[in-house]
Each structure stands twice: as structure tokens, then as C-alpha cells.
Amino acid sequence: MRVGILFSGGKDSCLAFYKARRYHDVVCLISLISKNKESYMFHVPNISITSLQAQAIGLPLIHKITEGKKEEELLDLEAAILIAKKKFEIEGVVMGSIKSIYQASRIQKVCDKLSLWCFNPLWLRDQVEVLREGLSAGIKTIISGVFAYPLDINFLGKTINDDMVAKLEIYARKYGLNPAGEGGEIETTVINAPFFKKEIEILEHDIVYKNYSGWFVIKRARLIKK
Amino acid sequence: MILIVNVCLDRLSELEFVEPISKILEKVNNVFQVKHYLKVNSNELINVDKIIICGTSLKDFEYLHHIEAFNYLNGLGKPVLGICAGMQIIAKTFGGELLDRKIIGQHEVKVVKQNPLSSSGEFYSYFLVSKIVKVNSSFDVIATTGCIASIIKQKGQEIYGCLFHPEVLNAELILNFCRIV
């Protein structure tokens, strides 16, 4: 089946991609760029890096800018998926939602409306397991946003490795964080994966941080040989 | 041993509809086996204590073309829990009818009859379904969502159908099913 991936550029959509390609023909990436920094549906920090990620993967990217207003962004999502359906003849959409009923049910509704299959291969997975699976799959991820205590400036830009997973696991137990950040505590950006033909090298970045809330903003990056 | 019956047409859907059930059983050390419905051999069911029939994608209706594959449910004499597509299969196997009705998202379930799966009262559940069951005289309605039967029980047998996906918000319902003797 020809499928499109709802692609934020973060670890979950990349792991969903990794799983989907075992069974299906991934033909395009679909990204929503939200103007609202607190988007209800979409991963926000560094979403513009998705263009570079798409180049690294070697797939076309459909990206649509949304105002990020609660329900209106769904119409923008629908429009983007419809483009993928018409242009790339997708029959299904793959998302990387782990436990958000809000997100999953809305995407299911959009796919249903457009008569497309909807796949959610990370659904209900243990969040630490998801982090570990991403690591063992060779998906290289940095933390590009922190939005909850006790995640401070020192986490921004750090690679998610075994030590980081262990740390997030401890914080999950101690402070009730979602270790994979699906509650919006952490945002991530993938810079390499087995399905990337080239790796992303970050050349310049900014850190915007205050009170356990901040972004690692990628200002300049390029593709390099793996 | 609990048999988890996978009804998914697509392998990628199994990660969404079958694995979460396996994980719930794994956590409480229940012994289980997963089999695709077309590979279930009724002669092998002698070693099975209970059966859970999972759901599948909203676009997948292939199982409805193979209802005869579930004939073993007749006279099985063992507890069965059908989730979403599984409920549709149970209904069809026992002469029930399906009606087109789409329900996606979180909705309230009201328990209307005492049962071993859920405590009385109301709770919220996650629905992802496009066919509901028109209940016939073979079934008792255990719980409702609006005017729709959201949990049913086959009269005289421990065979339950659950329209919603308990693995999402109501894992205890699956664990209670596992405890039925």
C-alpha cells in the first residue's frame, strides 16, 4: 500500500516511519507547520527542519502552514492529506501517536473522511520502550524543546542516548513526566536514521530558555555523507 | 492459556490492535498465544482457557467475509471477549445484525446490568468503530453508550462483546475478563 507519514521530524514520527516501511511503500511525508507555539496537534520546535529531513530521506514533503487554532488546524491537516492523496495516490496515513486520544481520534476522523487507511503503530506503547526502540533502530535524536520541570537548559540539544533514556525514566517516576514527551514535556528532532540517505549536521543554533521551558532552535544545518 | 485472535488484514494494524492486548496480559504474567483468525484450528482449542478477539482498522472488514472461521465459538463453552470487530464477529456468529454507525473518540459507557467485567456506574472509553450491533434475543445488554449497546453478553455463556477498545482506557475490563473462572 502507498502510504504517507504524518511527519513532525521528531522521534515518534520517525519510528512510525521505520515500522511502516517494513510493510508498506512510504511515498511522501506530510508536515503541518503551526504558527501557534502551543499547537494542540502538532510538534512545533524546528518543524521547518522537516524540509531538510525530507531531502535526507529522499521523499517529497507536503507541508502546510496552519494558524494552529484548536479545531481549524484539523482542516489544514485534511487539506494536506488530501494533497498527498491526489498527488501521490496514497491509500493510507501513518501517525506516531503513543497515547494521545485527542490527536489519534482526530487523525482517524480525517482519514475516515478521506477514505484512507489510518495506521498508528506506536499506539499504547510504553514510552520508555519507544525511546529504547528508537535507539536500537539507529534513530539519532536530539532534544529540541523542554517544557516541564525539572527539564532545564542542559537538556536542550542533547542527544537521546542510553543515559538520557535512564534519566528520563527516573524523572518519569519522580515527577510524572511522560518519558517520551507525548504530554508536550519534550520535543525532539531526528538528525539521522536508517532510512536517511544523508545525515543532518547542525551548523548554528540558538537556545531560547526560561523557567524550564525552552527551545533548541536550529538556525543553519546541512546534509552530510553518512 | 489465553488465545488472542488477531483479525487484522494488514500487518501494520496488528501493532495498534493486537500488541496492546498482549502487553496488558504480559504485565500480569498471563500465559497467552496470538494467532491470526484464519490460522485458528478448532481442534487445538482444547488447551485454550479463554479467547480474546481483537479489533482492527476502521477500513478493514475482511473478517466479515470469513465469519465461518469463527464457527468454533458455537458450543465452545469457554469465556470469550470480542473487542470492536470481535464484538461484530460474536454478534454475526450468534445471528445478530450489524448496522452502519461510526463512533470515533472518547464516549461515556453506562453499565446497565451487573457483570464480571466492569463495576456499575459510568466510565469513559475509546471508540473506533463503524458498525454497531443490533442486539437480538441471544444477547443481554450489559452496557450502553447513548442508545447503543456497548457491551453485550451471549445468554447462558461467558461470551462478551465490547464495542469500544478497553485496552485504551479500561485495561481493568480485560484483566477482569481474564479472572473469569
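I take two strands as paired if DSSP finds at least two bridges between them. Helices (H or I, at least four residues) and strands (E, at least two) are DSSP runs, numbered from the N terminus.

This is a predicted model; local features need pLDDT of at least 70, side-chain atom pairs count only at pLDDT 80 or more, and totals for chains, interfaces and linings use all residues. Residues are numbered from 1 along each chain as its sequence is written, and chains are lettered from A and ligands numbered from 1 in the order in which they are written.

**Entry 1: a sheet in chain A**

I looked up the strand order. The sheet is open, has 4 strands and reads S7-S6-S9-S8 in chain A, with antiparallel pairing. Strands S7 (186-192) and S8 (198-210) of chain A stand at the edges with a single partner strand each, so one side of each has no neighbour in the sheet. From one strand to the next the twist averages 25°; for such angles, axes are lines fitted to C-alpha atoms (for helices over the stretch in contact), and values run from 0 to 180 degrees between N-to-C directions.

Next I checked the pairings. S8(A) and S9(A) are antiparallel and share 12 bridges. In that pair, A:Glu204 stands opposite A:Arg220 in S9(A). The hairpin of S8(A) and S9(A) has 2 residues between the strands, and A:Asn211 takes a positive phi near 55° there.

S6 (residues 140-146) and S9 (residues 213-225) of chain A also run antiparallel, joined by 2 bridges. I find A:Gly145 opposite A:Trp215 in S9(A), and A:Val146 opposite A:Gly214 in S9(A).

**Entry 2: where the chains meet**

How many residues does each chain give to the contact? Chain B gives 17 and chain A gives 16, where residues are in contact if their C-beta atoms, placed from the backbone, lie within 7 Å. On the side of chain B that touches chain A, the elements giving two or more residues are helix H1 (11-17), strand S5 (97-111), strand S6 (121-134) and helix H4 (166-169) of chain B. H1(B) supplies the largest share of that side, 5 residues. By class, the side of chain B has 8 nonpolar, 4 polar and 5 charged residues. Here Ala, Val, Leu, Ile, Met, Phe, Trp, Tyr, Cys and Pro count as nonpolar, Asp, Glu, Lys and Arg as charged, and the others, Gly among them, as polar.

**Entry 3: chain B overall**

I count 5 helices and 9 strands in chain B. Along the principal axes, its C-alpha atoms fill a box of roughly 40 × 35 × 35 Å. Of the 181 residues in chain B, 46% are buried; that needs 20 or more other C-beta atoms within 10 Å of a residue's own, against 12 or fewer for exposed and in between for partly exposed, with C-beta atoms placed from the backbone.

**Entry 4: helix H5 of chain B**

B:Leu173, B:Ile174 and B:Phe177 are buried in H5 (residues 171-179) of chain B. They cover an arc of only 100° around the axis, so they sit on the same side of H5(B); the arc is that of the directions from the helix axis to the C-beta atoms. Their cover includes helix H2 (19-27), strand S4 (80-83), strand S9 (159-162) and H4 of chain B.

**Entry 5: B:Ile152**

B:Ile152 lies in strand S8 (residues 148-154) of chain B. Buried or exposed? B:Ile152 is buried, with 28 other C-beta atoms within 10 Å. Beyond its neighbours within four places in sequence, B:Ile152 contacts residues including B:Met87, B:Val133, B:Phe139 and B:Tyr160. The C-alpha atoms of B:Ile152 and B:Val133 are separated by 9.1 Å, with the two residues 19 apart along the chain.

Technical notes. Two residues are in contact if their C-beta atoms, placed from the backbone, lie within 7 Å.
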